[in-house]
Each structure stands twice: as structure tokens, then as C-alpha cells.
Amino acid sequence: MQVLIDIKNLDLYYGEFHALKKVSMSIPEKAITAFIGPSGCGKSTLLRTLNRMNDMIPGTRIEGSIRVGDTDIYGSDVDVETLRKKVGMVFQQPNPFPKSIYDNVAYGPRLHGITKKHELDEIVEKSLRSAALWDEVKDHLKRSALSISGGQQQRLCIARALAVNPDVLLMDEATSALDPISTLKIEELAQELKDRYTIVMVTHNMHQAARVSNQTVFFLNGEVIEYADTEKLFSNPTDQRTEDYISGRFG
Amino acid sequence: MARSVEREKRSKHLTEEWVGRVYTLICVGLLVLTIFSMVYFVASKGLSTFFKDGVNPIDLFTGVKWAPEGEPPLFGALPFIVGSFSTSILAALIAAPLGFCAAVFIVELMPKFGRKVLQPVIELLAGIPSVVYGFVGLSVIVPFFRDIFPGQGLGLAAGGVVLSIMILPTITTIATDALAALPAGLKEGSYALGSTRWQTIYRIVLPTTLPALLTGIVLGIARAFGEALAVQMVIGNAPHIPTSLFESASTLTSAITLSMGNTIMGTAHNNALWTLALILLTMTFVFVFIVRWLERRSKV
Ligand SMILES: Nc1ncnc2c1ncn2[C@@H]1O[C@H](COP(=O)(O)OP(=O)(O)OP(=O)(O)O)[C@@H](O)[C@H]1O
Ligand SMILES: [Mg+2]
């Protein structure tokens, strides 16, 4: 498989706190990579370095390099907005804008200069279809996005991210605020989307990682302990700490 | 033995309960009584212009000539009404963008400096007595306008500018609270789609906080509408409808403060001033009502 994201010797500091320690790994294209590990081990932190959302936290310092495709995303000539357009993100809590369903999906394309109604209509429909939400909302696109259920809101947020045509989709515990049925829907959706997008998901749920992902990365205290094909990592881990974690002995 | 201790305890609780209840009820009763008697007093005085002195309400609200001691006496209050509304709205037009920008600066751009320096300084403005504002306006703003624009410098523009500084803290404080209360997820969601900071401010922050911002503006207008002293010092106090912002004018409040000492209780002139007061009071209720309505909308 082709490598899309290549992380080399990445160190991240929140002020004095050393949150990521010499992280190196590569993330394959058009596949699902899962980050697992106990709370506070740096999964979200690493995920947020991939679209530079940590830039906004004052006192954050980074060493090492991350390449997405053939750009060094922390290079001086990188435009953060363009990067974020290429690397979309879905958050733990569904966070639709207090606007209509249509305007939520059209938000990104409008930001990036698309104003023609028929183009927007097309993008909105395509994105909502990709997010498996179209059939449920096609008759009331003008309704407030806050009026639909949490699971629908999360799929709306996925549609919103897909609308700017990203290469990568980052999902930070995107199902942890949802009921089991909505969770299942989003897992199925991720399976469909991986043919077209590179997906990186953080999850607390080891079954989810085992069910959905192709690769799994195990973190502990800001370090990558093990990184392998999901099947191998869960059936035959090389590191004792990985085995302890997946067998539920700590964390 | 144990039972009597318990009974004593319970009776102590009961007394405390009753003292608290009765005390609160008395306070609330007094408050309601004060408000009602004030409204009643102002209304009965103000309405006697129409019922006792026989002034036609239409003449009062549309008449442009105010000559209560004239022959015949004329009670056209339109110039004051126009003056009050135009100074307050002018003040809001100046203060609203400033207040919003200050709030964006405090919350979004430089939280450290903003919260430590800018916010306290702006809040300090709220504590300055209005006579000081009037004095500064008279010595700085009026001569400034006199130099650049035709006229004496006194007028609606000077009144509006002075009032805008006075209502800036209200608008800024409410806008700052609204921006700070915005869920962090909304802004992150916008940034994650590749939006710049200003795009996020225009497209997410501003529309989402709009009802709260409007609340601040309406409260500011209400404050400006009721301000008397500072306005009276810089507006010129000519009882007519000005044709320019730099021409002497008058407001409801300045008309009352200027003449109330020269009238005798019970005369038509005195009652007419009460009518102006009644208009002020009614407008305050209207503003409070609008604020309530906006607040309800901002919760949805
Ligand atoms: N803004 C911040 N400033 C300082 N320290 C932070 C900040 N954000 C996170 N941290 C610290 O960095 C470490 C890693 O945090 P991170 O959120 O990446 O963990 P996580 O693996 O996602 O945990 P969880 O599973 O609970 O979401 C934690 O110890 C956390 O306390
Ligand atoms: Mg996390």
C-alpha cells in the first residue's frame, strides 16, 4: 500500500509538558488507521498535528517532520487553510453550525469560493449521499442542523468535511457520544469511505479498532509502542505492553 | 430526652424558615409597591395633560412647536422625541461596531492583554459620572465640531458621540460575554474546514452571537435614551427639529431637566413635563421588552 502520511521523529511540547516523544510512523493511503491507547497518552494530540489544529493552542512547540503526500506540512511555505481543506476532521462531540443542514454542508465550499447555486446543490447532495444521510434529510435541507439526532448530526459533520473534497479524514472518537446503532452506521460509513479517503481514527473502543481498521497504532505516554496490521496487532502483538493493554490488563 | 432535642431543633428550623420567608416577602412587597406607585404617579401626572389641560395627544406627538408659556400655549413634543431617538441611535451606531471589535479583540485576538488591560479600562468608563462626560464633551468634542462643521458645534452629533462613549461599556461587556460563551467546538469546526480566523468571525461567531449582541445594543440605547445631564450640556437645547447633526437640538430628558425648576406643580407646563417623563418611562418598558424577546430568541 502507498504511504500517504509520513511522520518522522516528532516531538510535541505543551509548554514544559512533553506530550509526544520521538513518534515515527507512516499511514497508508485509502485505508483506515486506528489510534488506541489509555487516556492521556497523546492520541488526540498526534491526530491534531496532522491538520495543525494544535497551532491554535498557545505554548505548543513541535520538532521533527510530518509529510502529507509530498508536502512537509510544518514547512514555512505551507498554507494552513489549504492543508485543512485537504485534511478534514470530525470531532468527538457533533458540532454542526447553528444553520440549516444545507448551509452546514455548503459552508466549506462557500469558504473556498464556490457561490453558484447549482454547483453547491450538487456538492451538498453528493456529500450527504457519501455520508449516508441524504435519504433521511433530503426533504428538509432547510431545517436547522440542531434539530436532527446526535447520530445524524455526526454524519452531517462527516458530510460537511467531505464537501471540501479532502484526501484525509481525521476522526477523534467520533462515535463515543453516540448510541450503538448510530455508532454502527458510522463504522459502516467509514468502511465505505476508505475506498476514496485515507481515514485516521482515534478510538477508546478496542473492538471498534479491531472491527473497522486496517492498521492499528498503540500509544503509551506519548510514545508509539507498536504499529502493525490490525489483525496482527490484536492476535499476535510483539510488545508485552500492547498485549497487556489489548487483553484489558491496564488502561 | 432525644425526642425533645429533636423537637427543639425542628422548631429552630421553623423559626429561621419563617423569618427568612417573611423578610423576603416584605422586601419584594416594598419593591413592587415602589415601582407601582412610581408608575402610577408619573402616569397620573402625565396623563392629566390630556384629561385636565385638554391637550390633544395627536398635537403633542406631532406638534413641532413647544411653547408652554406662550399665548396660546403650545405643547408640540416631537422635537424632543426626535432628538432623543436620534441621539441614542447615533450613539448606538458609533458604539456597536467599536464594542464588537473590542470584544473580538478581548476574546479572540489578544485574550491576555484584552482581559487584563482593555476590559477593565472599558468597564471603568461605566463608572465615570455623567457630568464629567458632559464637561469633556463640551470642552473637546463641541469645539472640534465647531472648527470643522458649520454651526456652534452643539447638537445631535455632539450628543451622540458623548453618549456613544457612555454606552460603550454596556455593549462591550455583553458582547464579550457572548463571544466567550460560544462553544469552542463551533470555531474548531470552522477552522477544520480551512477557514481563516476572520472568515470564522464573520460567518460563525457574528451570526451565532447576534441576538446577544443586539441585546447589548438595545440596553445601550435604553441607557442613552435616559441619560440627561451629559446630553443637555452638549446638545444646545433649542426646542426644534434640527436639519443637520450640527445644529442645536433637544431631547426629552434635557427638556425636563432644563424646565422643571421653573414650573409650578399642577400647572399645564408642569404636567406637560410629566408627559415627557411618561414617554421616557414607556420607552424604557419597550426597550426592556425587546431585550427580553431577544434573550428568548438567543436561547433557541
Ligand atoms: N492544551 C493542552 N495543554 C497542556 N497539556 C495538554 C493539552 N492538551 C492535552 N494535554 C496533555 O497532553 C497529554 C495527551 O493528551 P491527549 O488529549 O492527546 O490524550 P488522548 O490520548 O487523546 O486522551 P483521551 O483518550 O482521554 O482523549 C495529556 O496528558 C494531556 O493532559
Ligand atoms: Mg483524545
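The model is predicted, so local features need pLDDT of at least 70 and side-chain atom pairs count only at pLDDT 80 or more, while totals for chains, interfaces and linings use all residues. Residues are numbered from 1 along each chain as its sequence is written, chains are lettered from A and ligands numbered from 1 in the order in which they are written, and side-chain values use heavy atoms, with hydrogens and water left out.

There are three cavities of 30 Å³ or more; a cavity is a set of points, on a 1 Å grid over the protein atoms alone, where a 1.4 Å probe fits but cannot get out, and its lining residues have an atom within 4 Å of a point.

Begin by selecting Met171(A), Glu173(A), Ala174(A), Thr175(A), Ile186(A), Glu187(A), Met201(A), Val202(A) and Gln208(A), which line the largest cavity. Its volume is about 60 Å³, taken as the space filled by probe spheres set on grid points joined across faces, edges and corners.

Next, select Met89(A), Val90(A), Phe91(A), Asn95(A), Cys157(A), Arg160(A) and Ala161(A), together with Gly189(B), Ala192(B) and Leu193(B), and the lining of the second largest cavity is in view. The volume here is about 50 Å³. The lining comprises seven nonpolar, two polar and one charged residue, where Ala, Val, Leu, Ile, Met, Phe, Trp, Tyr, Cys and Pro count as nonpolar, Asp, Glu, Lys and Arg as charged, and the others, Gly among them, as polar. Return to the largest cavity to find five nonpolar, two polar and two charged residues in its lining.

Notes: 1 Å grid on protein atoms, 1.4 Å probe; cavity = no way out; pocket = protein on both sides within 12 Å on 5 of 7 lines; lining within 4 Å.
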